[in-house]
Amino acid sequence: MKEPKVESPSPKGYVIGAGFSKSISKYMPLTSELTSEVLRALRTEDPISVETFPVSTDVELLLTYLGESQPWLDAKVVLKNRALFLRISELIAEKIIHFQTLAIDEIKNSRDSWPIKFIQAWMNQPSCVVSLNYDVLIEQISTIAKEGFDYRDLYTTVVASA
């Protein structure tokens, strides 16, 4: 007699973006909020430059513009744009780290919070997670959710553009 075949549960799929982080914590900014934070910081450093940006409502578009080859511009302007690209990149990183720290502190102070339980569920059942996030909030929560867990084990495949 054949033994019945026991199938493992099918993996559940999750696609997450910046809105997911915002749902985890009020501190996590959406892209528009991140743009405002970065531009506010830049205005204190160089108010004149900020007002002359060709794209000033979306930090992603601004970085794209500043990072593109601009052969029609004078070499000094190209170098200034490159320096601005680097400074904006630094500010984005600083802001994200700041907000993640606030969010993690909030989550640690309520260990029964739903984000921890949700990520524990990912860890305890077959799950496929596609993250389009600009932050590492999920990875940080995973180390809270399971003592000694290495967040690099959360994702089996990392897809990055060249």
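Let's start with Glu94: partly exposed, at a relative accessible area of 44%. Partly exposed sits between buried, under 20% relative accessible area, and exposed, over 50% (1.4 Å probe, protein chains only). Salt bridges that share partners put Glu94 in one network with Glu45, Arg87 and Glu90.

Some ground rules. This is a predicted model, where local features need pLDDT of at least 70, side-chain atom pairs count only at pLDDT 80 or more, and totals for chains, interfaces and linings use all residues. Residues are numbered from 1 along each chain as its sequence is written, and side-chain values use heavy atoms, with hydrogens and water left out.

How many salt bridges does the structure hold? Seven. The term means a side-chain nitrogen of Lys or Arg within 4 Å of a carboxyl oxygen of Asp or Glu.

Glu94 pairs with Arg87 at 3.6 Å, N to O. Arg87 also bridges to Glu90, with the closest N and O atoms 3.1 Å apart. Arg87 and Glu90 share helix α5 (residues 75-108), three residues apart, about one turn. Helices here are DSSP runs (H or I, at least four residues; strands are E, at least two), numbered from the N terminus. Arg87 is partly exposed at 21%. Glu90 is partly exposed too, at 44%.

Now another pair. Glu33 and Lys22 form a salt bridge, 3.0 Å from N to O. That one links distant parts of the chain: Glu33 is in helix α2 (residues 31-45), Lys22 in helix α1 (residues 18-24), 11 residues apart. Buried or exposed, or in between: where does Glu33 fall? Partly exposed, at 32%. Lys22 is partly exposed as well, at 26%.
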